Amino acid sequence: MAKKKAQPETWYPMDNAGVLYAAISGDDYSPVYRISAVLDKAVDAAALQRALEKNIPRFPTFHVRLRKGAFWYYFVPDDRPGPFVQEDVCNFCQPMDPCGEATRLLRVCRYENRVSIECFHALSDGGGAMVFFKTLLACYFRELGEDIPDGDGILDVTEPPRSGETEDAYRRYAGGRAAPRTWKQTAYHPTGTPEPFYTLNVTQGLLSVAQVKQVAKANGGSITEYLSAALIWTLMELQRREGRKERPVSLAIPIDLRRFFPTETVRNFILTARPCIDPRLGDYTFPEVMEQVRYQLRLELSRPLMKGSITGNVNFQKNPILKAVPCVLKDPVMKLSYRLAAIRPFSMTYTNPGIFKAPAPMARHIQRVEAVLGQPYGDTVNCASVSCGDALSISFASNLKERDVEREFFRFLVREGLHVTVLSNRSDPS
Amino acid sequence: MSYCVHCGVELDDTAAVCPLCATPVHDPKTPRDTVSPTPYPTRSSTVELPGKGELGLLVTVILCAVAAVCGVLNVFLKPGRLWSLYVIGALLTVWFWLILPIFLPKLHRAVKVLLDGAAVALYLFLISVDLSGRTWYVGLALPIVLAETAIVLAVALWLPRHSILTSITVLIGGVAASCLCIELFVDRFLTGRWQPLWSLVVTAACAAIMAVLIVVRRVPGLRAWARRQFHL
């Protein structure tokens, strides 16, 4: 009898962003984010579990384990049963030990009407996770007897995964000259009293998309530009009030590159834009901040510039000298580089995964969608917003006892004439 | 439906206080809803992350085993010499330098520097016991270790509070001071008086670099140029 030929073991090399997130994850930081949908009825856990089991095979890169090689991290398929739907907790986005034997890099949770997924950032960015989440919700509603068509970002779970969905789009689009790296000044960071490591304070504002769009249009920009300007304005006010040495106020805004470089990938494919206002140059009015933010964001969304940045980042991964350096040495250097290049020049991160579009039979069961950036790197605040229908949710995630940024931001929106409903998971009333 | 009187935002019916300013909700017409579920769960949990304590314990056990084996072997192999003290002292130094910070990650850096210095002093003492070298230990090794520990302590306490350029300047100053101390104690031990030679060359070079760095630190244009060039 002929010997059976051994099947080569499947594994996935990390994409450019994944390399970084795997390296910087540690005892004090875990890059985990959450996307939730609040439905019109309480979530049926059994139906959700069935939907998850149908959904997972279509997304092989979401059911993996992280392995630490001698020189680089890599993913291998997770052959354990699951993942399983969990009951939600108040301190969500719990840290993950990415290489741990018992760790799952994807969590699915439910609480009353809310379905949530929590994802380790090395697996996917918000755009990719949104595709996974939409397809999961479509499967869930089908389990409940609804007829949900594919499309609008919902994949057909009866088909096998396409190779384009698991591709490393960074490598596909890298090529040509790398964009020169520019030095960025240290930015102002809102700080306060840190909470214990496992605490994540989330404060969420719910607004009407139509209202915000109207106010943003009156200020001459899009919703993202308006909210970015409002955040920068809030931080500038806080800095002035604190009376500290003045520093530039800037945001890290992840840009979904799928809009500019067509790809089906559900893995990471983002770059960061940096709108920045330097209050040392003089007093700005809000319309001036808005104008600056609008121009700066549009300036950074240049296709050749982004291609150059992708090339520079991928060159780092391809560098033969760096390839030969063991992870033990590379990880601390990458942590330091991340702190210097990705934390120091940014006051906070603001992400907007965009509009959650769903087919009408599904959309009528979804009241709103929420996005929460997990534990910030260092003791500070992060912000995420996402819209679904006319519901816009803006979520601040913080590991600080104080809530100055959240308070001043929402008060600013109220002064602008917007109606804001605020929810929070904080249990400490002080 | 209640609104915060300070923030102007609408609050959830189950909210006892405004999440933004902690003002208590007091609406006589709409009492707080204590029956409906809160917007977020109230149950919390913690995921156990593996600490490095287990790794530290494993390495400690390995080091202890190696030290014990060497001690026992010393009884049978060349018992006239205390050669195992070299191994035991080295392992002890490694433990203080690398393993103790795993068990006590929040140990103050001053205490850590002092313990590291003490470990080196102890290691040299063990060597001096085997070599019957009390004279050179007291006259040369111990003063150098004490002086170097003091310099490292001063630099370690200074560094975190200052800019990168100032820190580099102080580090270079520390190197110069270290060299001067070493030559001072070596000369005093060997000849009884200080005749600085090589340490002066090092100090002069360090002083030149420090002068440049101080000028760069003081002149804003140069400082900006240096930061641009070196991504500081």
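This is a predicted model: local features need pLDDT of at least 70, side-chain atom pairs count only at pLDDT 80 or more; totals for chains, interfaces and linings use all residues.
Let's start with chain B as a whole. Its secondary structure comes to 7 helices and 2 strands, and along the sequence these run β-β-α-α-α-α-α-α-α. With a radius of gyration of 30 Å, well over the 17 Å that the globule rule gives for 232 residues, chain B is more spread out than a compact globule. The C-alpha trace spans about 95 × 60 × 30 Å along its principal axes. Buried residues account for 13% of the 232 residues in chain B.

Now for the helix pair. In chain B, the axes of H2 (residues 84-103) and H3 (residues 109-131) come within 8 Å and cross at roughly 175°. H2(B) and H3(B) are therefore roughly antiparallel to each other. Sorted by class, their contact has 17 nonpolar, 2 polar and 3 charged residues. Residues on the H2(B) side include B:Leu92, B:Phe96 and B:Trp97, while B:Leu115, B:Tyr123 and B:Leu126 are among those in H3(B).

Over in chain A, how many of the 9 residues of helix H1 (residues 16-24) are buried? The count is 9 of the 9, so H1(A) is largely enclosed by the rest of the structure. Among the buried residues are A:Val19, A:Leu20 and A:Tyr21. The elements of chain A that the buried residues of H1(A) pack against include strand S3 (64-68), strand S10 (270-273) and helix H8 (303-318).

Definitions and conventions: Residues are numbered from 1 along each chain as its sequence is written. Chains are lettered from A and ligands numbered from 1 in the order in which they are written. Axes are lines fitted to C-alpha atoms, for helices over the stretch in contact, and angles run from 0 to 180 degrees between N-to-C directions. Helices (H or I, at least four residues) and strands (E, at least two) are DSSP runs, numbered from the N terminus. Angles under 35 degrees count as roughly parallel, over 145 as roughly antiparallel, 65 to 115 as roughly perpendicular and the rest as oblique. Two residues are in contact if their C-beta atoms, placed from the backbone, lie within 7 Å. Ala, Val, Leu, Ile, Met, Phe, Trp, Tyr, Cys and Pro count as nonpolar, Asp, Glu, Lys and Arg as charged, and the others, Gly among them, as polar. A residue is buried if 20 or more other C-beta atoms lie within 10 Å of its own, exposed if 12 or fewer, and partly exposed in between; C-beta atoms are placed from the backbone. The radius of gyration is taken over C-alpha atoms; the globule rule is 2.2 Å times the number of residues to the power 0.38.
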